[in-house]
Amino acid sequence: MAAQDVLGQTARLASSSALLQVLFRVVTFGLNAFTLRYLSRELIGVVNVRLTLLYSTVGFLAREAFRRACLSGSAKRNWTKTINLLWLTVPLGVFWSLILGLVWLYLLEVPDPSVVPHYQAGVVAFGLSAIIELLGEPFWVLAQAHLFVRLKVIAESLSVVSKCILTVTLVILYPHWGLYIFSLAQLLYVSVLVACYVIYFVMFLGSPEATKKSFPVARMKALLPSFIEDETFVNWKEARLTWSFFKQSFLKQILTEGEESFYVFFAKVLERGKTVKDQKQDDVAMAANVLELLLKFVLLIGLTITVFGYAYSQLALDIYGGSMLSSGTGPDLLRCYSLYVLFLAVNGVTECFTFALMCKEEVDRYNFVMLALSFIFLCISYFLTHWYGSVGFILANCFNMGIRIAHSTHYIYHYFRESTHRPLMGLLPSPALLLVYFISAVLTAFSEVLFCCDKGWMARLIHISIGALCLAASLVTMFCTETKLIHFVRSQFLSRYLKKGT
């Protein structure tokens, strides 16, 4: 597949993923606001923080390394060995579910049963849901490697909608069930998700479309673990790379995780472990251009969230949950998290490129850096949390992300040093846009002091209107000054949807 085709399909995948994430966040926001009217905030907090953390941690530790290793390089490979390797995520998921489940049940403080009923059942259900989702890992990687965008959209949409419908129904009819409600909804979510992938491949394999695309898997039986006569069970090169990424993932989970939308693109266009001189120069030029524009894209999104998140955190919490959430440290936490989103967004892109290009030896060296960084992060977290509470923990994560960004940008700078490309210029917005952001930050901060949030709805509307005008000014300035980025978004993202509608 040509680099331009990969870019186009990856743009569709990334834009679909981004739209889905926004949609899911909006749905989750509305669902939480609804359930707060029926259930205690302590119960919802346990679901959204503790149990969700268990589910995401098991999934991350069990499959992240496999995904990185198996999505590297060309889609043309010995898929039998790759699929065999991917099935190892299931026993690994069982192991982590058991270990972390015991931690959640016996080492962490158990919530008051009168406030959060059925906590033990919730831990078991969320751990089990992570294992069920891993059963679909070979299907997910195969779909991702061949850029099956529509499958991802349909599967994730159906699973989220099913989860929401069941949650709302049970909350209205049986609010006393407590964590049983969210446990059943989580199990339904992963079951629908896996079922969508399985059903799709049952219908796709052996079809004329699969034959036309020369799909490397011909039947469903080939998606199960199988031995190849006179050959190894797995590709040991992939296995060693997986082990390197696993050591990194274990440390990375301590430090917080980031997800990479364009990892597949960089891994397909550029060859891992080769210098910039040894790559195809057309592909290098395209990768550098995409990296620069991605950095600019996430930087502007992060700056927008940081600037407007500071002045509108209290209002958002007040609308969301009333004074119960908008009083105390809640607004300060959300303000700091808005800053953290900026670091998280930039780090996601820089590490996405770095990890797509690092060879096994470079990954192993980076693991030592991560080990030292994890120790520093834990020390800083301890002191900042002791001094500033939850706000200090978020600030420690910002520091951690800053160090990781510095390491990745150092790698990117040295990688492109012997070429004419300078993708790190994407981290420099136009001076005019920075000025507009600064003015917006000052105006909205004064607006919050004058009009928010205990002066009635008319004052709130004035505060919202000032923010809307500042946001409009920022967007207009962005369109006028960041023309290269706007062209990229139009050509690679918007045009594909516009063409479908015509």
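User: Which residues of H4 meet which residues of H5?

Analyst: This is a predicted model. On the H4 side, the residues include Thr 89, Val 90, Gly 93 and Trp 104. They meet H5 residues, among them Tyr 119, Gln 120, Val 123 and Ile 131. The contact divides into 8 nonpolar, 6 polar and no charged residues.

User: What makes H15 roughly antiparallel to H16?

Analyst: Helix H15 (residues 360–388) packs on helix H16 (residues 390–415) at about 155°. The axes lie 8 Å apart. The cut-off is over 145 degrees, so H15 is roughly antiparallel to H16. H15 passes H16 in a right-handed crossing. Their contact holds 15 nonpolar, 7 polar and 2 charged residues.

User: Which residues have the most contacts inside the largest nonpolar core?

Analyst: Phe 201, Phe 215, Phe 266, Phe 353 and Phe 416 do, in a core of 114 residues. Helix H12 (residues 281–321) gives the most to this core, with 18 residues.

User: What does Phe 353 touch, not counting residues up to four places away in sequence?

Analyst: Phe 353 touches Phe 266, Leu 270, Leu 291, Ile 412, Tyr 415 and Phe 416. Contact here means heavy atoms within 4.5 Å.

User: Which residues does the second, separate core include?

Analyst: That core has 6 residues, including Cys 336, Val 391, Ile 394 and Cys 398.

Note on methods: Residues numbered from 1 in each chain as written. Predicted model: local features only at pLDDT ≥ 70, side-chain atom pairs only at ≥ 80, totals over all residues. Heavy atoms only, no water. Axes fitted to C-alpha atoms, helices over the stretch in contact; angles between N-to-C directions. Helix = DSSP H or I, 4+ residues; strand = E, 2+ residues; numbered from the N terminus. Parallel < 35°, antiparallel > 145°, perpendicular 65-115°, else oblique. Left-handed = near helix turned anticlockwise from the far one by under 90°. Nonpolar A, V, L, I, M, F, W, Y, C, P; charged D, E, K, R; others polar. Core = buried A, V, L, I, M, F, W, Y, C linked by side-chain atoms within 4.5 Å. Buried < 20%, exposed > 50% of the residue type's maximum accessible area, 1.4 Å probe, protein only.
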